[in-house]
Structure formats: C-alpha cells, structure tokens
Amino acid sequence: MASTRGAQILVASNRGPVTYTQDDTGALTAKRGGGGLVSGLSAIDPASGAVWVCSALGDGDREAVRRGVAEPGVRMLDIPADIHHDAYNGVANSTLWFVHHMLYQTPLEPAFDAEFRRQWASYETYNRAFAEALAQEAADGAAVLIQDYHLTLAPRMLRELRPDLRIGHFSHTPWAPVDYFRLLPDDIAAQVLDGILGADRAAFLTQRWADAFTDCCRAVLGPDSPSGTRIGVHGLGADADFLRARAHQPDVDERVTALREQIGAAPDGTPRRAIVRVDRTELSKNIVRGLLAFRHLLDDRPSWRERVVHVAFAYPSRQDLAVYRDYMAEVQRVADEINELYGTPGWTPVILHLKDDFARSLAAYRLADVALVNPIRDGMNLVAKEVPVISEEGCVLVLSREAGAFEELGDDSVVVNPYDVVGTAAALHEALCLPAAERGERMKRLAAAATALPPTQWFLDQLRALEGAQ
C-alpha cells in the first residue's frame, strides 16, 4: 500500500490528485492535478497524514500501482479495467450523470435492461473496493470525505465495515427532482439513496440540490427519511489568489496578445467586443444553444455584425462515449455554419478552439466583455465565478438560472432560461449594451460573491461540520 495506516483524515474520489504517464523506455512521470479538492487538501497540515484514495485511470496509473510507485498520502486502486469501465462509463457517466442533469431523450432512453444490471454489479464492486480501502487506511474515529456520484454506495458499505468512522458524502452535481430521479429502477433508486445515507452527513453545492435529495429520500424510502443523516450545503468558490497570479504569467500574456489579434477591430477602428465561453464539451453545458443564440443576435440585430466575436472554447470531454463525440461534431458544425453565413475577409464571428489550453482560457477571461454561462443544469459552474475575478473589461455575466452558481450570482447577472435561444440572444444584446459604470459595479459584486468560500475554506468547513455530525 502507498500510504501509512491509521489516517485521521481521508478523501475518496474517482480521480486522484496525481496521474502517471509511461514513456517508451518504461519510465513513469507523475503529474499533479488541480481543482477544488486538491486546493482544499492544501489547507490540511501535511503532518496530519491525510490519505487520498482514488482509482487508477489509465495504463500509466495501473503500472505505477503494480510497481508500488506512489506519491505520499495517495493510495491508488488498481480496479480491473473492465469493472472500472462499466462503473464509470456505463453507470456513473451514462446513467447517474444523465439523471441528475436531466439529459435523457425519454421516448428512446433510458432502457434499464440486462446489460445495465450487469454494469450495475460492476458499480457495486467498484464502490466496495473503495469502502474496503478506506476501512483499511482509517484510524479509529477518522473523518472520511467521499466524493460525488461515482461513489454513492461507498458510505453505506464503509459504515458496515467501520461503524466508528465519521463519514461524509459530497455531491458535486445537481440532484434530480423526484419525478426524474424515479426514472431509475425502484431498487436502484433506493440503493443510491440508502448508500449516501450511510454517511453521517450528506452535503451539496446549493440548497436547491440538498432539498431535491431530501425530497427523493422521502418519496422513495419513506416520509421519515433521511433520519440519522444530516444534510448540509457548501457552495464552492473560486481560488482568487491562484487565479489572479496565474492569469498574469508570461504564457497567458502571450495568448492575450494572440486573442486580441484574432478578435481584431470593428470597421470604425474600435476594438471588437468579445462574448466568451469556456467549457468542456459536455452535453449539459448547452454549447450548441449558445451558438444558436449568437447566430440569432447577428440575425436580429445586424448592427452587431463585424463588431462582436464569440470566443468559444469547447474542450474535449468523455470522447470514449459516442454521444459526446457526436455533440462535439455538432458544436463544430454550427460554428462553421455561422462563420460561413456571416464571416467576412476581416471578421471571423466565432473563434472556436477544441484543444484544452488553460492559459488560453485565462487569457479569454481577461478579455471578456460578456461571459456566456448557459448550462442546461449544473451543480455549480466555476467558470461563472472565475471570469469576474480575472476580467479586465468589466465583464457582464449572462447566466443560466439552472446553474448552481445562480443562487449566489443571479442578482448581478443577466439571467436566462437555457432552452430559450431567442431570450438568450436578447440577454447577450442587453449585456453588450450595459453602461461601463454598471458593468464595473456588477463585476465587483460578482467577484466578491464568487470568492466568498475558496476551496480551502470549503474543505475545512466540511471537516468541521462532520466533527459535529455524530
């Protein structure tokens, strides 16, 4: 095992803080990841001996486990690749994600057949592997924070193995309303809920998602549920210090210059306005309707032609699933169509990038006049919180009311129904026309709200709440 027995603080998640790649010589290279959990754990004293239990995700990770190569405080599980594929792609990403984000085309899907039941057995095996590893690693009475929809069964399994532990579960996604959650087979729906209720405390990004979970518990498990499990809310904020420092590194400055050149100037010589979006090409992010709204803006208000550019970064996500590959192709098709319809020799209406580049994303944040964040449904959406922290242009946030961030940022945003293309086009026009003074004031308030609960505080608050949950 890669870590010291008897940890007082443990985190469990599908993806860990480090990944390994193997070169042609067989040498392994470790790369440290980012994100809220990694930042949050930095608040813990290294001497505490905290342990992060995660899954090996690729060949490099699996080889590292087999060789006994590991980073301090990380235990990586070499779950068989076929089991992981079923649990991760078959259940977590193709079923639970779709339910919570309400993505199914219900005339045709879902169809919970024998193949799904086979995949569900793998999901149980996957969760059990985590529960057993956590039980082995944890000291008496340790605090265990289990993360997300990949591991809904692990809290109950761990409780049965180690009733002495203080167990928390945190959902980073939305939670489906009762009627949609009950698309799941009755026994599976009950198992998911009961699995999370094995924790002392179940926490969510917003009160809306917490209430939806409670409603599902009462509808599926009975009116007394969730008894014995406390429900909490912790809205993850942006890491302002990191973002501001990183956004002014030389590589970002270079990309700012390149983007400014791409965006160019309007016919009257003034800088063109930039509507920016940065997303993974995830079905719930609603990129295609955002592009359609931009096209409607150009149709309905031709005065914006050659005066505004839609900078759209749509980075690959889950390309091992056909539906995601098809979605990325549709994003490209719609962007190309807009450019063909409206583009001129000196103006490309949509600047689309499909290759992940964090420095380029930060450059776009700095240049944004308008940030378009219009998900169909989102647990939080950190882009909505990051842009106001970095923007140099008095950025206006156009925000979906279905994003978790709406609860904190809605008052100072231009709010949209994510399905309403015409309404979103009108919101883009409104955002582009806001006076500079109002833009600046809104951005200040957005930045303050966005950074109110940085990742370190978010993590520590959960630990403190768990201490009082038993």
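Which residues touch the most other members of the largest nonpolar core? They are Trp175 and Phe181, within a core of 156 residues. The structure is a predicted model.

**Strands β4 and β5**

Strand β4 (residues 51-55) runs parallel to β5, joined by 4 bridges. Serine 55 has leucine 77 of β5 as its bridge partner. In a regular strand, side chains alternate between the two faces of the sheet. Strand β5 (residues 74-77) is covered on both faces. Val74 and Met76 are buried on one side. Arg75 and Leu77 are buried on the other.

**The six-stranded sheet**

An open sheet of 6 strands has the order β12-β11-β10-β13-β14-β15, with parallel pairing. Its edge strands are β12 (350-353) and β15 (414-416), each pairing on one side only. Neighbouring strands are turned by 20° against each other on average, direction ignored. Helix α12 (residues 322-342) packs on the sheet and touches β11 (308-315) and β12. The direction of α12 makes about 155° with that of β12.

Within the sheet, β10 (residues 273-280) and β13 (residues 370-373) pair in the parallel sense over 2 bridges. Here isoleucine 275 stands opposite valine 370 of β13.

Leucine 352 and arginine 439 sit in separate elements: leucine 352 in strand β12, arginine 439 in helix α17 (residues 436-450). The table gives their accessibility.

| Residue | Relative accessibility | State |
|---|---|---|
| Leucine 352 | 19% | buried |
| Arginine 439 | 5% | buried |

Why does leucine 352 count as buried? The cut-off is under 20% relative accessible area, and leucine 352 has 19% relative accessibility, so it counts as buried. Beyond its neighbours within four places in sequence, leucine 352 is in contact with Ala312, Ala314, Val331, Gln332 and Ala335. Leucine 352 and arginine 277 are 75 residues apart in sequence, with their C-alpha atoms 9.8 Å apart in space.

Which residues does arginine 439 touch, not counting residues up to four places away in sequence? Arg273, Asp369 and Glu393 are among them. Gly394, Cys395 and Val396 also touch arginine 439. Ala431, Leu432 and Leu434 complete the list.

**A helix pair**

Helix α13 (residues 358-367) packs against helix α14 (residues 383-390) at an angle of about 65°. Their axes are 8 Å apart. The crossing of α13 and α14 is right-handed. From α13, the contacts involve Leu362, Tyr365 and Arg366. From α14, they involve Val383, Glu386, Val387 and Ile390.

Note on methods: Residues numbered from 1 in each chain as written. Predicted model: local features only at pLDDT ≥ 70, side-chain atom pairs only at ≥ 80, totals over all residues. Heavy atoms only, no water. Buried < 20%, exposed > 50% of the residue type's maximum accessible area, 1.4 Å probe, protein only. Pairing = 2+ DSSP bridges. Axes fitted to C-alpha atoms, helices over the stretch in contact; angles between N-to-C directions. Contact = heavy atoms within 4.5 Å. Core = buried A, V, L, I, M, F, W, Y, C linked by side-chain atoms within 4.5 Å. Left-handed = near helix turned anticlockwise from the far one by under 90°.
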